[in-house]
Each structure stands twice: as C-alpha cells, then as structure tokens.
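Subject: Structure for your review

Dear colleague,

Please find below the structure that I am handing over to you. My notes on it follow directly after.

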Amino acid sequence: MSVAHPSLTRALAETLVDVLWLIEDCEHEQTDQGDAVKVLEGVAHVVSRLTREQQDEFLSLLATMAREESDPSRRVFLEEFQDGFGLVEDAD
C-alpha cells in the first residue's frame with residue numbers, strides 16, 4: 001500500500017508516531033520493557049533538542065494528524081504527545 005505524503009517531514013512524523021504508538025500499545029509480555037523505555041527516552045531527548053521552530057512545525061503536524069485521526073485512542077496519543085515527549089514550554 002502506497003501513501004502519498006505532502007512532505008518528507010510529514011512522512012517521518014507519521015512513521016515516528018507509528019513506531020511509538022506500537023511500543024505504547026504493546027502488551028508488556030510482547031516487548032522488553034527496558035528496550036521500550038530506551039526508545040521512548042531517546043525520542044524524548046531528540047525532540048526536546050529540536051529548535052523552537054522545528055518543535056513548532058512538529059507540533060503543527062501532530063495537531064493536523066490528530067484532527068485527521070479516526071481512532072479515538074490514537075487521537076488522544078497524538079494530542080498528548082507534546083506532554084509525553086518534552087515539547088511543552090516551561091512556564092517562566
């Protein structure tokens with residue numbers, strides 16, 4: 001199945017979300033929890049190191065993906081992504 005993506009950034013964002021959704025959705029017996037935590041922490045580290053402009057672009061993509069999502073639980077995952085992966089601005 002071939003899906004046309006409007007941009008490479010959108011394709012990569014969708015792929016990243018797919019992988020993280022799979023890890024989050026797996027039963028504990030299906031995955032090594034230590035490895036899962038390493039992957040999730042690694043992603044959180046990478047996205048927290050993006051420039052503000054890159055983070056804003058990523059958040060905009062996530063918001064678009066959430067609006068387009070038909071699966072309610074996956075939509076919630078997309079909507080809460082910024083909190084779970086270090087994309088929330090600190091209140092000063």
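The axes themselves are lines fitted to C-alpha atoms, for helices over the stretch in contact, and the angles run from 0 to 180 degrees between N-to-C directions.

Please note that this is a predicted model, in which local features need pLDDT of at least 70 and side-chain atom pairs count only at pLDDT 80 or more, while totals for chains, interfaces and linings use all residues. Residues are numbered from 1 along each chain as its sequence is written, and side-chain values use heavy atoms, with hydrogens and water left out.

Overall composition

The chain contains 4 helices and 0 strands, in the order α-α-α-α along the sequence. Helices (H or I, at least four residues) and strands (E, at least two) are DSSP runs, numbered from the N terminus. Of the 92 residues, 29% are buried; buried means under 20% relative accessible area, exposed over 50%, and partly exposed in between, with a 1.4 Å probe and protein chains only. Among contacts (heavy atoms within 4.5 Å) between residues at least 6 apart in sequence, 59% join residues at least 24 apart.

Helix α1 against helix α3

The axes of α1 and α3 come within 10 Å and cross at roughly 70°; the two helices are therefore roughly perpendicular to each other.

Helix α3 against helix α4

Helix α3 (residues 52–68) packs against helix α4 (residues 72–84) at an angle of about 160°, with the axes 9 Å apart. These two helices are therefore roughly antiparallel, and their crossing is left-handed. Phe58, Leu59, Leu62, Met65 and Ala66 in α3 meet Arg75, Leu78, Glu79, Phe81 and Gln82 in α4. The classes here are 7 nonpolar, 1 polar and 2 charged residues.

Glutamate 79, located in α4, counts as partly exposed because its relative accessibility is 48%. Its C-alpha atom is separated by 6.8 Å from that of alanine 63, 16 residues apart along the chain.

The nonpolar core

A nonpolar core is a set of buried Ala, Val, Leu, Ile, Met, Phe, Trp, Tyr and Cys residues joined through side-chain atoms within 4.5 Å. The largest has 20 residues, and Val17, Leu20, Phe58, Leu62, Phe77, Phe81 and Phe85 have the most contacts inside it. Two or more residues come from each of α1 (8–25), α2 (33–48), α3 and α4, with the largest share, 6 residues, from α3. Beyond its neighbours within four places in sequence, phenylalanine 77 is in contact with Val17, Leu20, Trp21, Glu24 and Phe85.

Glutamine 55

Glutamine 55 is in α3 and counts as buried because its relative accessibility is 8%. Leaving aside neighbours within four places in sequence, glutamine 55 contacts Val47, Ser48, Leu50 and Leu87. Glutamine 55 and leucine 87 are 32 residues apart in sequence and 6.9 Å apart in space, C-alpha to C-alpha.

Yours sincerely

Technical notes
Parallel < 35°, antiparallel > 145°, perpendicular 65-115°, else oblique. Left-handed = near helix turned anticlockwise from the far one by under 90°. Nonpolar A, V, L, I, M, F, W, Y, C, P; charged D, E, K, R; others polar.
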